[in-house]
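Welcome! Keep the picture open while you read.

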Amino acid sequence: MEATCRSETSRNKTPTLELSSATQLPESTNCMACSEDGRYLSLGHSGGLSVWCASSLICVAEWLKDRLEMTSVQMICMAESTYLLGSIDDMGVARVFAYHSEAIHLLSVINIMEDINQRSICLTFELSKGGNYGAASISCNGAVWLDVYHFPTEAWRKELEMAVSQQDPNLSGDVKWSPAALVIKTRPPKTPADGSLEVLQTADILTHCLALDGHTSSHHQEEEQSYNTDAEKAKETNDHPRRCTQHFLLPCGQFPSNSKAKSGLPVSVCVWWSGSHNLLHYCLHKVPKNKPDMEPLPDVLCPNANEIVCSAVSRCTCFIALGLSNALVCVWDRHSGSPLSVVSMLAAESVFSRLHFVDYWPLSADDSQTFTTVEIHLMVVCKNGVIHTVTTGRGTESCTMQLTERPEDSGDLPTITASVSFLQGLSLVVQRNGKMLLQDVVNKTTVCFLIPPTTHLLATPCNPVYALSAKQHALFIRGDQEPSCSAFAKGQCQSQLFIFHFGKPDIMKQYNVSLPDSPQQQNALNFDTLDDSCNLYLQQRALSVDERNKTLTQTWKKLQETAEMLQQRHGS
């Protein structure tokens, strides 16, 4: 891989970035995360998890359990010098830990398996910023649902102090930790018992959209399975239950900050289900106290013309980008509660696999223009390996551009595309063949290749184990011994933690940015009245009139061309 990278860089004169440092990793390190303040790394591996100092790369604490394999880990700052860790193991059990005073404490098990015949499996588990909430998608006997929990962080902090005050920190297992509270349980939309369209049309708008969504999804699944035998159909139903994707959202627009909540903490969660057209928003502070298990209706529903296939949220959470079927990208503006733009990729083969926002904001002397001209950059990755960029926003004309061609070699397919928040306009791209590079999404160029040492290869390039540190301006990524190396032949192979620092190299200077939040987040607006939201919506409409007129003209032209084509077919 290194020889391939070097030959390619010599031909294209693309710089390379050498390794900064490396250290040995625990056996079978499957996942890692970096704390927001850049002080610690959390590693999930065989036998449990551990916390390392990110600067000295020394293990400072570990939690171990026999015959356990951690497969997912997340690390969130809960308070000063106190961190929450969310994990999933190979049996699908989700846990919440706290790292405090150089010790790891198990606070809660999300899905305790009391009955082996009713074994629930956690598919995904996400902690919110600040650690006040956690969202777990659960599967059990073919059913799937999303649980959102509120964590008693203040009580946990006091209980951790109590545990530390004991003479033996290991006695913390005797502490009775305050339980997490289930605040939202939601399932995929269902078709009414009488699934006729007449029933769907007589319901109120919200219920109508939810029922129609369930009706459409069921019909879509029936069409996909109509070509299968009964056995294949049963297997399809069991192996591919509906999945959900959720994002925690900060105060904005129709969800202003709560007077009882701390600033900078989420106030809502948005959810969409595979096969669905609707993006559902649930307020985290409006939960029925007497019926906590009652499935709530969404507080806001954002309908879309096509099925949602992927999504991303901007760092300020003011904008939500949805990748839709038929190669459409819709960006919702939470300030106004309406779409900011809908962009067609104009490529029939563009079946989206994922997309993400790219941090980029040109410096402007006039801060008053922050919300009259908002420019958004997206990277959209297709299943065939083609990468597109989308530039859109308020007061700007939407445009798309193909960043990479369809790979001729399957080894060049991207497996990871991640926005590097501390490098303006850059994304980290990892390919199936193990190549690592930084891509300038705005200027459509490859900035540099990241080169591991000759004795090692990138581990599991189809699912790399890595973490980005915004505070240290660094990439932490796992590498494995090269099979041709003598140490590998002697059975002494050991995984390594590679560290690439982006702060000092000259090629990075023009991209390095300080990490105060973007202007969109610094000046985030909350609207307490409908009038405020309407005023911003009308302002956006006025600014986008030229672009909308152009789009309208193009649409009419396409309709005329389609009508002529149909007439010709009918005549022939």
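Buried means under 20% relative accessible area, exposed means over 50%, and partly exposed lies in between (1.4 Å probe, protein chains only). The model is a predicted one, in which local features need pLDDT of at least 70 and side-chain atom pairs count only at pLDDT 80 or more, while totals for chains, interfaces and linings use all residues. Residues are numbered from 1 along each chain as its sequence is written, and side-chain values use heavy atoms, with hydrogens and water left out.

**Exercise 1. Find out how the faces of strand β27 are covered.**

Step 1: Locate the strand. β27 spans residues 436-440. Strands (E, at least two residues) and helices (H or I, at least four) are DSSP runs, numbered from the N terminus.

Step 2: Look at one side. Met436, Leu438 and Asp440 are there, and they are buried.

Step 3: Turn to the other side. Leu437 and Gln439 are buried as well, so both faces of β27 are covered.

Step 4: Check the count. Five of the five residues of β27 are buried.

**Exercise 2. Identify the strands that pair with β27.**

Step 1: Recall the rule. Two strands pair if DSSP finds at least two bridges between them. Strands of a sheet pair through backbone hydrogen bonds, either parallel or antiparallel.

Step 2: Take β26, residues 426-431. Five bridges join β26 to β27, and the two run antiparallel. Val429 stands opposite Leu437 here.

Step 3: Take β28, residues 445-451. β28 also pairs with β27 in the antiparallel sense, over five bridges. In this pair, Leu437 faces Phe449.

Step 4: Visit the turns. Four residues separate the strands in the hairpin of β26 and β27, where Gly434 has a positive phi near 95°. The hairpin of β27 and β28 has four residues between its strands too, and Lys444 takes a positive phi near 60° there.

**Exercise 3. Work out the order of strands in the sheet that holds β22 and β23.**

Step 1: Read across the sheet. Four strands form an open sheet in the order β21-β22-β23-β24, with antiparallel pairing.

Step 2: Find the edges. β21 (352-358) and β24 (399-404) are the edge strands, each pairing on one side only.

Step 3: Note the twist. From one strand to the next, the twist averages 25°. Axes are lines fitted to C-alpha atoms, for helices over the stretch in contact, and angles run from 0 to 180 degrees between N-to-C directions.

Step 4: Eight bridges hold the antiparallel pair of β22 (residues 374-382) and β23 (residues 387-394). Met379 stands opposite Thr389 of β23.

**Exercise 4. Is Thr389 buried or exposed?**

Step 1: Thr389 lies in strand β23.

Step 2: Apply the cut-off. Thr389 counts as buried because its relative accessibility is 3%.

Step 3: List the partners. Contact means heavy atoms within 4.5 Å. Leaving aside neighbours within four places in sequence, Thr389 is in contact with residues including Leu378, Cys399, Met401, Val441 and Lys444.

**Exercise 5. Step back and describe the whole protein.**

Step 1: Count the elements. The protein has nine helices and 32 strands.

Step 2: Look at burial. Of the 572 residues, 49% are buried.
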